[in-house]
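Trainee: Could we go through this structure together, feature by feature? I would like to hear the general idea before each case.

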Amino acid sequence: LRPNSDEARDIAYHFHSYTNPRVHEEQGPLIMDRGEGIYVFDTQGNRYIEGMSGLWSVAVGFHEQRLIDAATQQMAKLPYYHNFAHRSHGPAIDLAEKLIGMAPVPMSKVFFTNSGSEANDTILKMLWYRSNALGKPEKKKVISRIRGYHGVTVASASMTGLPYNHKSFDLPIDGILHTTCPHYWREGRDGESEEDFATRCAEDLDAMIQSEGPDTIAAFIAEPLMGAGGVVVPPVTYWEKIQAVLGKYDILLIADEVICGFGRTGKMFGSETFDIRPDIMTLSKQITSSYFPFSAFMMTEEVYAPIADEAGRIGVLGHGYTGGAHPVGAAVALENLKIIEERDLVANAAERGAELQAGLRGFAGHPHVGEARGVGLIGALEIVAPEGREEGFNPGQLGAAMNKHFLKNGLISRAMMDAMAFCPPLIITAAQVRDILTAVEQSLEGFAAEMQV
Ligand code: PLP
């Protein structure tokens, strides 16, 4: 590395998220320079299909002039204001009304935050507050799922059900429980049908509630379709059975729509795709296409009213963020949602999604593909070891190896352990879906050749 090069300075000064620091010190970074449509270009001029929309989030592509203009105009007019102490501004009001209007079930209020983690963390605090308001201080536990992903702050990382997010961080905190991961391919038993597996997931949840005491559980949090845990599509009848259990014990349902929301699964919300009736919905990522850090959660009147009553009694809601309801973020979100609607990107996600899913299913017979799965424009291929050599690989090693072949073929995917995820921008065309599938085919060939030696 040239001294003082970007690579050398990155290694010297930049502590990366979700990166092995010691490997980074040896390998250095992949430095991106600019974006255009579904593509990003590194500083060497190499072009990649951003098959992950960054981090599952850039719905409208990497150079949308309308979002740049919306941000610039808002910056020039009122670059910052907040919503503390009854203050408000146009973009926050418009966006709150817009989101309530878009909700798949009747929602009452929107609370603005800055990241998915922060939104989920805030939801937990609001639930504790609500339980106190209702005179049920013992009803505060939350159940999430093994491999669910809800963020990395202390509370949201506790709700996340992945080992890396707990290990050595002294997490999870008390009162957060994790139930069965609804991944039929991995967790289903010999001879067990998908529906029977869904029944077992619901029974496991029921048993956990019973053993903890139904009066101690405030809520169940889940992604309609798990993203970061490996793109796990719930088995048929899963959501119907889970919701029946929650209904039995008066437990609120939080749909974490941070990845699924705004078209990803081929409907506006994952809750619509899977027929979920949430009490609270977490929103982020595609809400601004990640051009601006932004998040929110919506709640029903039943959730909101006791919180508002309690704050009324105390005198103020003791919670809020300097950047919450940021006018620039809200303006970008409004324009982004307008683009999604005007260009009918949800329908495009459904149509291009069907092509992507059919293409991925076409690799299911490949000797290195254990499962092809997904819905709409989110999918994954589970990479498996050569037959008989399963013991020779650590978890994640195959995914890391596969990633190198993808990059060589100009495709950015993300290895979730050994599952290669696909989550391209919603603006993708049919020809670009074919380009992804061609790159996957070439990468699988390269990977198979590497495995033979
Ligand atoms: N919830 C879900 C479903 C997510 O996928 C993520 C991030 O990937 C989060 C929450 C956390 O969001 P953030 O990284 O903005 O804190």
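Predicted model: local features only at pLDDT ≥ 70, side-chain atom pairs only at ≥ 80, totals over all residues.

Trainee: How many residues surround the ligand, and which are the closest?

Mentor: The ligand is surrounded by 15 residues, the closest being Ser115, Gly116, Ser117, Gly151 and Val258. By class, the shell around the ligand holds eight polar, five nonpolar and two charged residues.

Trainee: Which helix gives the most to that shell?

Mentor: That is helix α6, residues 116-133, which gives three residues to the shell around the ligand.

Trainee: Turning to strands, what should I look for in their pairing?

Mentor: In general, the strands of a sheet pair through backbone hydrogen bonds, and the pairing is either parallel or antiparallel.

Trainee: What kind of unit do β7, helix α10 and β8 make?

Mentor: They make a β-α-β unit that is right-handed, with helix α10 spanning residues 238-248.

Trainee: Are the residues of β8 buried or exposed?

Mentor: The cut-off for calling a residue buried is 20 or more other C-beta atoms within 10 Å of its own. In β8, five of the five residues are buried, and both faces of the strand are covered, with Leu252, Ile254 and Asp256 on one side and Leu253 and Ala255 on the other.

Trainee: Where, then, can I see antiparallel pairing?

Mentor: An open sheet of four strands, in the order β11-β12-β15-β14, shows antiparallel pairing. Its edge strands, each pairing on one side only, are β11 (369-375) and β14 (414-416), and neighbouring strands are turned against each other by 25° on average, direction ignored. Within this sheet, β11 and strand β12 (residues 378-383) are joined by six bridges in the antiparallel sense, and arginine 373 has alanine 380 in β12 as its bridge partner.

Trainee: Which helix packs on the sheet, and which strands does it touch?

Mentor: Helix α15 (residues 397-408) packs there, touching β12, β14 and β15 (419-422), and its direction makes about 170° with that of β14.

Note on methods
Residues numbered from 1 in each chain as written. Near = placed C-beta within 6 Å. Helix = DSSP H or I, 4+ residues; strand = E, 2+ residues; numbered from the N terminus. Nonpolar A, V, L, I, M, F, W, Y, C, P; charged D, E, K, R; others polar. Pairing = 2+ DSSP bridges. Axes fitted to C-alpha atoms, helices over the stretch in contact; angles between N-to-C directions. Contact = placed C-beta atoms within 7 Å. Buried ≥ 20, exposed ≤ 12 C-beta atoms within 10 Å, placed from the backbone. Right-handed = clockwise from strand over helix to strand, strands pointing away.
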